[in-house]
Amino acid sequence: MKTILVIGNGMVGYKFCEKLMAKTEKGAYKVVVFGEEPRPAYDRVHLSEYFADQDAERLSMAPRSWYEANDIELITNERVTDIHRDNKTITTISDKEYVYDYLILATGSSAFVPPIPGVEKKGVFVYRTIEDLDATMAYVAKIKAEGSPKKAAILGGGLLGLEAGKALLDMGLETSVVEFAPRLMPRQLDGDASKVLQRKLEDLGIDILLNKGTQNIEGDEAITGMKFSEDETLPVDMLLVSAGIRPRDELAKTCGLEVGTRGGIVVTNDMKTSDACIFAIGECALLNHMIYGLVAPGYDMAGVAVDQILGNTEAAMPTSIDMSTKLKLSGIDVASFGDALNENKESESIVYENKFQGIYKKINVSKDGKKLLGGILVGDASDYNMLHQIFLNGMKIPENPEDLILGSRGGEDASFGSVLDLPDAAVVCSCEAVTKGDICCKVEEGFTTLKGVAAETKATTGCGGCKPMVNDLITETLKAQGITVKETVCEHFEYSRQELYDIVKLKGIKTYAELLSTHGKGKLGCETCKPVAASLFASIYNDTANVHNVIQDSNDKFLANIQRNGTYSVVPRVAGGEITPDQLIQIGEIAKKYDLYTKITGGQRIDLFGAQLHELPLIWKELIDYGFESGHAYGKSLRTVKSCVGSTWCRYGMDESVSFAIEMENRYKGIRSPHKFKGGVSGCIRECAEARCKDFGIIAVDGGWNLYVAGNGGANPRHAELLAEKIDNETVLKYTDRFLMYYIKTAGPLIRTAAWLDKIEGGIAHVKDVVINDSLGICEGLERDMAGLINSYRCEWKEAIENIDENNNRFAHFVNSEAEDSNIEFVSLRDQKMPKLWS
C-alpha cells in the first residue's frame, strides 16, 4: 500500500482527500493529513460569518468522523518542520517522522503584514483564521468595556478587508478602511465601479481612505493611531490587517524545491513540483507565474493531483484559468468576469450606471459586437451567472449587446433565453466543476430540490454563487418534463404568495400569528414571511401598516424611509404633481421649522429629509392640518401618477392629463402590492410624463387613450407593453383595476410588474386575454376586490397620530427614555444640510 502525506488541512487539502476517496476503493492508499490549526478543515470563504454567531462547526468542511470513516489519519495541531526528499520522509514539530510515496503540499498562504514600524503593538490583528477572529473579538470586547466610543481601521481595501470592515462596524466600532491604491478592489473593479462601491460602503457607515501609505503605527504598548504623513494621523484603537497573502513555501525552500522569486512553489500544469513525487496545490502553488487566491482553481488543482497519482498522466490544469468571481461585500453585490478591466484593449465597453440606486454594470464586447469578453457588476449582480456562462461558452449575444445589462426593450423575448440553452458541458459550479448536464441529469433521476442536487453533485457547496442558476436549471428541467414547479415563500410556509393570498382571503385569517399556527411551521417565522403576510393583509383587507407594525419592514413600521444617518424622509402626496402656491408655502414653512433638507423628486412631489424619529408625528400633523396626507413613499404600494400639463396649457395636448392623473392617483393611493408601482399620464405622444416606463401608463391619442402596462425604470429599465388602444376614461380605469388586481393576486413577493409579466406564461397576450376578454372568468371578482380597497382607504399618518400609545410609542428613539438621539450630526450643503460623513 502506498502512502500519501498531505501537509495542510485547509479547503484545498480537504478537497484533495475528498476527490481521492471518490475515485479509489477504501484502503487503496494510506493517507495521513497534517494540520497546524486545532480543528479540521473549515470554509474560509465564509469566514466573516463567524463574527455573527461564533459557530465554528457550521463552517466545517467535514467532521473528524468523516476522516475516520474513510481511513484517513488526521493529525491536527501539528506543524511539519522538515521534508527529507532523499529518503522520502517528513518530520513534525514533535520530532515524529513519517514516510511517503507521494507528498501533497497544501500549505496555503499566510496573511501578508507590511513591515510598518510598530505593527507588533497590541491591538493589531490579522484576518486569516478562526483563532485570529477569536482574538479580534476578545480585544473589541476589552476596549469597548472602557466606555468611550472606539475606532477601528482595516489595512487593505480588497475582498477580505471590506468584509472585515462591515464585521467591525456591526460590533459597534467606528470603522475606516485604509487602502494604498487609488481605488477599492483594484484587481477586480475599474475606477467608476469602485466609486459606486465606495459610496455604498460609506452609506453603511464605513469611512474609506484611499491613496494612504501608512508610515508608522502610533502608541506605546498598544496602537493609538496610524500615521500617514507628518501632518496626517488617523486615531484608532485597533487595526485589522488584510493587505494580501503570502504563499506558505518555507518547507519547499528548506528542502530545495524550486520556488518563485517572489514566493510560491513552482509547479507545472500537472501540479508536480521540481520533485516528481511532490505536488503543490492551492495558494502555495505558483502556476504560470501566478498565485491563484480563489477556491475554484485550488479545487481543480486538487483534482489534477489526484488524477496524476492514479495514473492519468494526461490530467492537467488549463492554460487559461477563469478568475471570475461573485460575492456579497457587506451585503453589496460585486462581481467581475473575463477581461473585466479591458486590459487587452480588444473590446468596446457598454456601461449602465444608476447613482440613485448604487448600481453599476459594464460589459466588454468584441469590436465586431458578437462576443462577450468580460464585465463588472456592482449593486446588482443578479445577471452574473448567465453573463458568465455566455462569456465562458462563447455563446451568441443579442444584436443589441446592451440588452444584456438593460434587458430586452420593446420585444417579448428575454435577453438571455433559457438556462436550458446552455451547452451540457457548461460549468455551472466552478468550485466543484459541476456542469449543466450533471445537474439536469440528476433532476431527471428524481433529485428535484436544491438540497438533493447539491448532495448528489456538490454544486452550490463552495462559494454558493451558483445557487440561482442551479435553482433555475432545476425549475426549467422540471417544467420541460411537464412537472409543475412550486415556489414557496420560505421555510415556514409550504405555499407560494398566491396560495397564501387565497388561504388568507378564503379563511378570513386576520393576524400573522393565526396564519403561522394554522398553515405554517415553527413558532416565530422569519424576516421573509412576516412582511409578506403584512402585505397580504393590506392587499386583502386594506389593513394599514399601523395594524401590523411589528411584522413590517423598518420603512413601513415607521411610515417613512430611513436614511443613512438614522433620520427619516417625509413625502406628502401631491396627486398628479399639481400643487397650489399656498401648499408650496406651507411645505416650505414646515421644512424651515424642522430644518429639513428639501428636494423635488422624480415623481413630481417634494421630499423632506432629516426628520428624527420623534419628529415624524409632529411633522405629519402639521401637513395633515394643511390638507396633505401620506405619499406612501416608504411602502410597497402606489407611489405617484406622474403627469404633463396636457391640453389645459400645452398647445400639443390632446387630452386633459393632469385631471386624469389626479383621479388615478387618488383612486389607487394606499393600495399595497407585491412591490411598489407607479403610473403616468401623458397628454400626447411626445410623452413628457414618461408613461411608457411606468407600471401603468396612458397616452392621449386621436380617438382616446392608449393604455400601457408592466414597464419600469430602475436596475433593468424596460418599456411598458400596449394593453389596449383608443379607449375612453371609464375603460382605462376598468382595465387598470383588473390589471393591478390580477398582479396583486398572482405575483411573488417583491416582484415588479415587469418581472411578473416576464415570468407569466403567455406574457402580454395572456394578460390581455384575462383583463380584456375575461378568459378566466374572474374580472367581476377583480373589480369587486379593487373597489373594496379603494373604498376603505385610510391615511396611515393620520391613523398613527390618533393611536399613539404613550406607554409603547414606536416613534421614540429609546424604549426607556424620552431623550433625542444626540449622535445625529449634519453639515451645511448649498444653503441646506446633509448628514455628516462618519469618520
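This note sets out points on the domains, cores, sheet and cysteines of a predicted model.

1. Domain division. The chain is split into four parts by the assignment: domain 1 covers 2-110 + 246-309, domain 2 covers 124-243, domain 3 covers 497-558 and domain 4 covers 561-791. Between the C-alpha centres of domain 2 and domain 3 the distance is 41 Å.

2. Largest nonpolar core. This core holds 94 residues, and those that touch the most other members are Phe16, Ile83, Ile90, Leu105, Met271 and Ile281. The greatest contribution comes from helix H9 (residues 295-309), which supplies 8 residues. In soluble globular proteins, nonpolar side chains tend to be buried together.

3. Surroundings of Phe16. Leaving aside residues up to four places away in sequence, phenylalanine 16 is in contact with Ile4, Val6, Ile104, Ile281, Ala302, Ala305, Val306 and Ile309. Ile281 is also among the core residues that touch the most other members.

4. Second core. A separate core of 60 residues is also present, and Tyr668, Ile698, Ala724 and Leu757 are among its members.

5. An open antiparallel sheet. Four strands follow the order E28-E29-E31-E30, with antiparallel pairing, and the sheet is open. Its edges are strand E28 (561-562) and strand E30 (597-600), each of which pairs on one side only. E30 is joined by 4 bridges to its antiparallel partner, strand E31 (residues 606-611). Across this pair, isoleucine 600 faces isoleucine 606 of E31.

6. Helix against the sheet. Helix H20 (residues 616-625) lies across both strand E29 (568-570) and E31. Relative to E29, H20 runs at about 5 degrees.

7. The number of disulfides in the model is 0. Cysteine 17 takes part in none, and the nearest cysteine sulfur, belonging to cysteine 284, is 14 Å away. Cysteine 17 is also buried, its relative accessible area being 0%.

8. The cut-off for a disulfide is a sulfur pair within 2.5 Å. Cysteine 644 is itself buried, with a relative accessible area of 16%.

Methods: Residues are numbered from 1 along each chain as its sequence is written. This is a predicted model: local features need pLDDT of at least 70, side-chain atom pairs count only at pLDDT 80 or more; totals for chains, interfaces and linings use all residues. Side-chain values use heavy atoms; hydrogens and water are left out. Two strands pair if DSSP finds at least two bridges between them. Helices (H or I, at least four residues) and strands (E, at least two) are DSSP runs, numbered from the N terminus. Contact means heavy atoms within 4.5 Å. Axes are lines fitted to C-alpha atoms, for helices over the stretch in contact, and angles run from 0 to 180 degrees between N-to-C directions. Buried means under 20% relative accessible area, exposed over 50%, partly exposed in between (1.4 Å probe, protein chains only). Domain bounds come from an automatic or database domain assignment. A nonpolar core is a set of buried Ala, Val, Leu, Ile, Met, Phe, Trp, Tyr and Cys residues joined through side-chain atoms within 4.5 Å.
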